[in-house]
Amino acid sequence: MTSLLPSSIPDSQLGLSHSEIQILRQHQNIALQNQAYAHSSSTRGRGHVRTSASTSRAASAASSGNGRLVLDPGSLAALGQHFERLMTAIQNRVQQLTAQTQISTINQSSRAGAAMAAADAEIARFREIIRQIDELETEFDKVRHIRDIVKGFRARVEGLERKMDGRGARR
């Protein structure tokens, strides 16, 4: 008579690293517990004791920590479905994070563009101020030159007035 216990193989023979074996064991337990829960919920009062019993034994064997991968079709199907759901959840999360990253990148790019536009406007304003300062310095130089000329004329005029006053005082 064949045993009702599912056949299994040591998980160390699967060619997985230690951390991968730990992940496999963890998810095998989760999948088999979910399978046992699903079968117990769907078969309550319907008389499918054999399926529930073998599923329960598989879950018990997997959770006993004996380091074996359960090979019965129901356990492998449950594990496969569990990993499919897990992969779908991971892909969905990657898509969410990708979308958030794109939004963040667009927002940052917009802020950077606005900052660059503001910087360009400030540079243009600064250049205009420098241009006005240059104009004022040119005007200042012109006025200083005119002032120096006026001082020179004034000194001459004062000199001429003194000469005239000196001549007028001698007569």
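Guide: Let's start in helix α3. Asp141 and Arg144 are three residues apart there, so about one helical turn separates them. This is a predicted model.

Visitor: OK, what do Asp141 and Arg144 form?

Guide: They form a salt bridge. The closest N and O atoms are 3.6 Å apart.

Visitor: Why can side chains pair like that?

Guide: Side chains of opposite charge can pair when their charged atoms come close.

Visitor: Where do Lys142 and Glu139 lie?

Guide: Both are in helix α3, three residues apart. That spacing is about one turn of the helix. Lys142 is partly exposed at 46%. Glu139 is partly exposed at 42%.

Visitor: And Arg131, which residue does its side chain meet in a salt bridge?

Guide: Glu135. The N to O distance is 2.2 Å.

Visitor: How many residues apart are Arg131 and Glu135?

Guide: Four, within helix α3, which covers residues 73–170. So about one helical turn lies between them. Arg131 is partly exposed at 37% relative accessible area, and Glu135 is partly exposed at 42%.

Visitor: Which residues are linked in a network with Arg131?

Guide: Glu128 and Glu135. Salt bridges link the three.

Visitor: New topic. What makes up the largest nonpolar core?

Guide: Five residues: Leu24, Ala31, Leu69, Ala78 and Leu79. Helices α1 (18–42) and α3 each supply at least two residues of this core.

Visitor: Why would nonpolar side chains gather?

Guide: In soluble globular proteins, nonpolar side chains tend to be buried together.

Visitor: Which residues does Ala31 contact, leaving aside neighbours within four places in sequence?

Guide: Ala78, Leu79 and His82. Ala78 and Leu79 belong to that core too.

Visitor: How much of the whole chain is buried?

Guide: The chain has 171 residues, and 13% of them count as buried.

Visitor: Which residues form a nonpolar patch on the surface?

Guide: Met87, Ile90 and Val94 form one. Together they have about 260 Å² of accessible area.

Visitor: Where is Val94?

Guide: In helix α3. Val94 is partly exposed, with a relative accessible area of 45%.

Visitor: What is the accessible surface of the chain?

Guide: About 13,300 Å². Carbon and sulfur atoms account for 58% of that.

Visitor: Zoom out. What pattern does the chain follow?

Guide: Along the sequence it runs β-α-α-β-α. That gives three helices and two strands.

Visitor: Last topic. What pLDDT does the chain average?

Guide: The average is 82, and 78% of the residues score at least 70.

Visitor: Where is confidence lowest and where is it highest?

Guide: Lowest in helix α2 (residues 49–63), with a mean of 49. Highest in α3, at 93. Over residues 47–52 the pLDDT is below 50.

Visitor: How many contacts does that stretch have beyond near neighbours?

Guide: Five, in the model.

Conventions
Residues numbered from 1 in each chain as written. Predicted model: local features only at pLDDT ≥ 70, side-chain atom pairs only at ≥ 80, totals over all residues. Heavy atoms only, no water. Salt bridge = Lys/Arg side-chain N within 4 Å of Asp/Glu carboxyl O. Buried < 20%, exposed > 50% of the residue type's maximum accessible area, 1.4 Å probe, protein only. Core = buried A, V, L, I, M, F, W, Y, C linked by side-chain atoms within 4.5 Å. Contact = heavy atoms within 4.5 Å. Patch = residues over 30% accessible without salt bridge, like charges linked within 9 Å, V, L, I, M, F, W, Y side chains within 5 Å. Areas by Shrake-Rupley, 256 points an atom, 1.4 Å probe, with all protein chains shown as cover. pLDDT = per-residue confidence, 0-100.
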